[in-house]
Amino acid sequence: MRRLITAFGMVVVFLVPAAVLAAPGRVTDSDNLKHFVTIRQATAKHHDVSQALADGYVPVSPCDEHHGVGAMGIHYLNPALAMDLVLDPLAPELLLYIPSGNGLRLVAVEYFVADVGQPHPTLFGQAFDGPVAGHEPAMPPELVHYDLQVWLWQANPAGIFAQWNPALRC
């Protein structure tokens, strides 16, 4: 029985991500797929919001939805990671959650870099969106930044790096 549970867990962690990420309109580059599997492993504990809070993430937005475009969800920011200007794929600055019947569901990670005059950041061969000013009422408008959403936990018909997910609603 223990072997069966372990085998099932391996299927969920390794095969399901590859199937979701390699679906039409998704990234199929093998190096990025390997990175995404590793990032899913590193962030899997954050399906439990209390673990995200314990790791320093705090909610910084209501559920962000744009009519006709989709949703991003509720942003949980780790201030220490957001202020260090270091891009570590295994430590995203933000986690995105969507309300569900059982509380909140992790749907994506977001990488955030404050604009301090550096070259346009890229990760996974993808240029970040920006620079953009604060785009939430609670975000200071002077906080110009770059960001990159990666929809690792919820398929996004607009693409894995799209800002908005048309399949989601708040």
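Author: Let's start with His75, which sits in strand β3; helices (H or I, at least four residues) and strands (E, at least two) are DSSP runs here, numbered from the N terminus. This is a predicted model, where local features need pLDDT of at least 70 and side-chain atom pairs count only at pLDDT 80 or more, while totals for chains, interfaces and linings use all residues. Residues are numbered from 1 along each chain as its sequence is written, and side-chain values use heavy atoms, with hydrogens and water left out.

His75 counts as buried because its relative accessibility is 5%. For the cut-offs, buried means under 20% relative accessible area, exposed over 50%, and partly exposed in between (1.4 Å probe, protein chains only). The side chain of His75 has a polar contact of 3.3 Å with the side chain of Glu110. A polar atom of the His75 side chain also lies 3.5 Å from the backbone oxygen of Gly73. A polar contact is a pair of N or O atoms within 3.5 Å; within protein, one must be able to donate a hydrogen and the other to accept it, and residues adjacent in sequence count only if both atoms are side-chain atoms. Leaving out residues up to four places away in sequence, His75 touches Val58, Pro59, Val60, Ser61, Asp64, Leu94, Leu95, Leu96 and Glu110, where contact means heavy atoms within 4.5 Å.

Three of those names lead us to the next strand. Strand β3 (residues 70–77) runs antiparallel to β4, with 4 bridges joining them; two strands pair if DSSP finds at least two bridges between them. Along that pairing, Leu77 stands opposite Leu94. With strand β5 (residues 103–114), β4 is again antiparallel, this time through 7 bridges.

Now for the packing. The largest nonpolar core has 25 residues, and those with the most contacts inside it are Phe36, Leu95, Tyr111, Phe124, Val150 and Leu152. At least two residues of this core come from each of α2 (30–43), α3 (49–54), β3, β4, β5 and β9 (145–150). β5 gives the largest share, 4 residues. Another core lies apart from it, with 7 residues, including Leu96, Ile98, Ala108 and Leu168. A nonpolar core is a set of buried Ala, Val, Leu, Ile, Met, Phe, Trp, Tyr and Cys residues joined through side-chain atoms within 4.5 Å.

Phe124 is in the loop between β6 (122–123) and β7 (126–127), and is buried, with a relative accessible area of 12%. Its phi is near 60°, a positive value in a residue other than glycine. Leu85 also has a positive phi, of about 60°, although it is not a glycine. Leu85 sits in the loop between α4 (79–83) and β4, and counts as partly exposed at 44% relative accessibility. There's a cis peptide bond too, between Gly130 and Pro131, with omega about 10°; Pro131 lies in strand β8 (residues 129–132). For context, most residues other than glycine have a negative phi, and most peptide bonds are trans.

Over in strand β9 you'll find Asp147, buried at a relative accessible area of 1%. The Asp147 side chain makes a polar contact of 3.4 Å with the side chain of Gln163.

The structure holds 1 disulfide, a pair of cysteine sulfur atoms within 2.5 Å by definition. Here Cys63 is joined to Cys170, with S to S at 2.0 Å. The torsion about their S-S bond is about -80°, so the disulfide is left-handed. The pair links distant parts of the chain, 107 residues apart: Cys63 is in the loop between β1 (58–59) and β2 (64–66), and Cys170 in the segment after β9. Cys63 is partly exposed at 22% relative accessibility, and Cys170 is partly exposed at 40%.

Zooming out, the protein chain has 4 helices and 9 strands, and 40% of its 170 residues count as buried.
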